[in-house]
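Here is a short briefing to read with the model open beside you.

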Amino acid sequence: MRVLVVEDEPGIAQFVCQGLREASYAVDLASDGVEGLDYALSAEYDVIVLDILLPQVDGLQLLEKLRSHRIKAPVLLLTALDTVEDRVKGLNAGADDYLVKPFAFSELLARIRALLRRPPLQVETVLRIGELEMDTSRREVHRAGRLIELSQREFALLEYLMRHPCQVLTRTQIAEHVWNFDFANESNVVDVYIGYLRRKLDRGFDHSLIHTLRGVGYRLAPKEDA
Ligand code: CA
């Protein structure tokens, strides 16, 4: 298994790389974010160990770049910053795990092994259907570049539709995935919210993205597939 380590502190870098090599991993070391991106773009790594505080491009920026280049290798963040905010930022940016410095090498190794056991993850945080784009970590929706403000429930409903593009979804399916038990049984709640969503998504556009299949349910599809 091939591991990329991006770490600028020579002591930690050596400790991590040597340990991983002794555990039979093929290891490359990059000592800043720019070099890290170069390596990640030129080889297929099974795991990337990424320090957050790096010169030039920091670890979180690098992580976003990796994900925007569709590099799906699991990423384990090393952080000296044991704050909730940094961990949340890292996980939202597409990290799979994190370890707070100082750490024991045995724990790093155990976490890397756990990441390697996982099936490939869906790391896409941005969903796209035609001209509609949803950034699930920033909680933003754009249609043809125009920002569309949605309530939490509308966002959840649209996310469910966008994760099942071009599929016919029944009212019951939608209700079960978007509402809890208190609301799922209110007969017209799905229709009401589809109405809200349509009004917001379609304002100023000449075609609707959400199609009604009378008596069956709804289907989200781009224009060419409508
Ligand atoms: Ca560092």
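**Helix α5 and its surroundings**

Helix α5 covers residues 105-117, 13 residues in all, and its first and last C-alpha atoms are 19 Å apart, close to the 18 Å expected at 1.5 Å a residue. That expected span is 1.5 Å times one less than the number of residues. This is a predicted model, in which local features need pLDDT of at least 70 and side-chain atom pairs count only at pLDDT 80 or more, while totals for chains, interfaces and linings use all residues. Residues are numbered from 1 along each chain as its sequence is written, and side-chain values use heavy atoms, leaving out hydrogens and water.

- Phe105, Leu108, Leu109, Ile112 and Leu115 of α5 are buried; they sit on the same side of α5 because they cover an arc of only 120° around the axis.
- The arc is taken from the directions that run from the helix axis to the C-beta atoms.
- Buried means under 20% relative accessible area, exposed over 50%, and partly exposed in between (1.4 Å probe, protein chains only).
- Ser106 and Arg117 are exposed on the other side of α5.
- The buried residues of α5 pack against α1 (10-22), β3 (47-51), β4 (75-79) and β5 (97-100), where contact means heavy atoms within 4.5 Å.
- Helices (H or I, at least four residues) and strands (E, at least two) are DSSP runs, numbered from the N terminus.

**The largest pocket**

- The largest pocket has a volume of about 570 Å³.
- A pocket here is an open set of points on a 1 Å grid over the protein atoms alone, where a 1.4 Å probe fits, with protein on both sides within 12 Å along at least five of seven lines; lining residues have an atom within 4 Å of a point.
- The volume is the space filled by probe spheres set on the points, which are joined across faces, edges and corners.
- Its lining has 20 residues, and Thr125, Val126, Asp135, Ser137 and Arg138 lie nearest the centre.
- Helix α3 gives the most to this lining, with 4 residues.
- By class, the lining of the largest pocket has 5 nonpolar, 5 polar and 10 charged residues, with Asp, Glu, Lys and Arg counted as charged.

**Backbone spots to look at**

- Lys101 and Pro102 are joined by a cis peptide bond with omega of about -5°, and Pro102 lies in the loop between β5 and α5.
- Ala144, though not a glycine, has a positive phi of about 50°; its place is the loop between β8 and β9 (146-148).
- Cys166, also not a glycine, has a positive phi of about 65°.
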